[in-house]
Amino acid sequence: MLFLLATQKNIQLTNYKTGLDYAKTQDQNDTLAYYRNQFHIPKDKEGNDWLYFTGNSLGLQPKSTQNYIQQELNDWANLGVEGHFEAKNPWMPYHEFLTESMAKIVGAKPIEVVVMNTLTTNLHLLMVSFYQPTKTKYKIVIESDAFPSDRYAVQTQLDFHGFDANEGLIEWKPREGEELLNIEDLETILDQQGDEIALLLIGGVNYYTGQYLDIKRIAELGHAKNCMVGIDLAHGVGNIQPELHNSGVDFAAWCTYKYLNSGPGSLGGLFVHEKHAHNKDLKRFAGWWSHNKDTRFNMRQPLDVTPGAEGWQLSNPPILSMAAIKASLDMFNEVGMEALRKKSEQLTGYFEFLINELNNDKIKIITPTDPKQRGCQLSIQVKDADKSLHHKLTKANIITDWREPDVIRCAPVPLYNSFEDVFRMVEKLKEIL
Ligand SMILES: *Cc1c(COP(=O)(O)O)cnc(C)c1O
């Protein structure tokens, strides 16, 4: 109890301090500190842990993942095709074992969520349903700094429907001389061109700036003009609490290999709001896994679409990849997003504090200072796009990533990064600068 009180006190503590002792004390008081040891942390030749700040790109491997995958390999070896029903975790309904935890992480109802395919594939499948342009209402709004894959996806959707991919694409841009998006500018776009806009597809947390946008407000603005609203949560899932159901967005998609630590190229997740769950008239590309589970194996049946997000599935899914996702989700379930988010705000706040203490005009944080408008990532803009800073960090086994034109992205991940990691990283940064 005393420990709990002490922890809660720490959470409210915003007067961070410099010095290694402070970082160590924070780690000692961190109730989630235990989880760091549940991950494989890459090491240098001397056996020291790398300072890994790229969980926003590829999350580290939980030590439990191997056992989860081994279980499925064993069941496959011992049971062959019977594993679909006889495996410890039967493969037929395997995706269902992931649904509840995944729904909790994004703030959705189980009927709204499914794990399947990969992110860009899911964006396309969702646009088949939710991008239904007419001759006059066909434009798509994205952020000017949208991830390239999202941009290519919407451009090729426009083209597929016979529209000019440049003319049909509206970019929501930061104002002159600014880096972040302003919701008022989206409002203006919708006021002026809402009648021509069919879809908004926006990154909930921008991959470049780390800005966490007000998803609910975006949904309200889009819906007021009869636009469909979709959110890319690649940088949001496992990082912030997007409350997808309450936000009212029509659909969302994400990957699981970033903050959800499910391994390179692992499957993605998809959300379709409950209000669309039973609409069988929605256009879609279907496969046998879209079909009603009760009659799926009767074969010669006309398509009877499963209600909810599961109705967007096509194929029977890769169990080995899902086993890695299950390993991760079981851990997230145990920790809970609430506790994770609390530590995250502290850890990133501390990181920001130390960088500001450097008081160096070669670097500037472009991520919002308000914790409610960001996740764990800080994007550090480097003056004159000097890439050598990033090279020197990497050489010192501090893993961050460089994004053109001039940003180093660093994500202290609350599940496995420590206050000491952050302290050592900024000490090195100071040395290099
Ligand atoms: C990581 C990321 C992707 C990657 O898409 P895949 O289909 O998983 O390769 C796409 N969009 C955004 C916004 C991302 O952050």
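A residue counts as near a molecule if one of its heavy atoms lies within 4 Å of it. With that cut-off, the ligand here is surrounded by Leu119, Thr120, Phe147, Asp150, Asp232, Ala234, His235, Tyr257 and Lys258. Before we go further, please keep in mind that this is a predicted model, in which local features need pLDDT of at least 70 and side-chain atom pairs count only at pLDDT 80 or more, while totals for chains, interfaces and linings use all residues. Residues are numbered from 1 along each chain as its sequence is written, and side-chain values use heavy atoms, with hydrogens and water left out.

Let's stay with the ligand. Its shell divides into 4 nonpolar, 2 polar and 3 charged residues; here Ala, Val, Leu, Ile, Met, Phe, Trp, Tyr, Cys and Pro count as nonpolar, Asp, Glu, Lys and Arg as charged, and the others, Gly among them, as polar. A polar side-chain atom of Lys258 lies 2.5 Å from a ligand oxygen. For Tyr257, an N or O atom of the side chain is 2.5 Å from an oxygen of the ligand, and for His235 such a distance is 3.1 Å. The protein covers 83% of the 390 Å² of accessible area that the ligand has on its own (Shrake-Rupley method, 1.4 Å probe).

Next, turn to helix H8, residues 183-193; helices are DSSP runs of H or I with at least four residues, strands are E runs of at least two, and both are numbered from the N terminus. Asp185, Leu186, Ile189 and Leu190 are buried in H8 (buried means under 20% relative accessible area, exposed over 50%, partly exposed in between, with a 1.4 Å probe and protein chains only). Seen down the axis, these buried residues fall within an arc of 140°, so they line one face of H8 (the arc is that of the directions from the helix axis to the C-beta atoms). An α-helix has 3.6 residues a turn, so residues three or four places apart point the same way. The buried residues pack against strands E5, E6 and E7 and helix H9, with contact meaning heavy atoms within 4.5 Å. Exposed Asp191 and Gln192 sit on the face turned away from the buried side.

Finally, look at two buried residues elsewhere. Val106, in helix H5, has a relative accessible area of 0%. Beyond four places in sequence, Val106 touches Val113, Leu233, Val237, Pro242, Glu243, Leu244 and Trp254. Ser247 belongs to helix H10 and counts as buried at 6% relative accessibility. Its contacts, with the same exclusion of sequence neighbours up to four places away, are Ile215, Lys216, Ala219 and Pro242.

Key
Polar contact = N/O pair within 3.5 Å; in protein donor to acceptor, adjacent residues only side chain to side chain.
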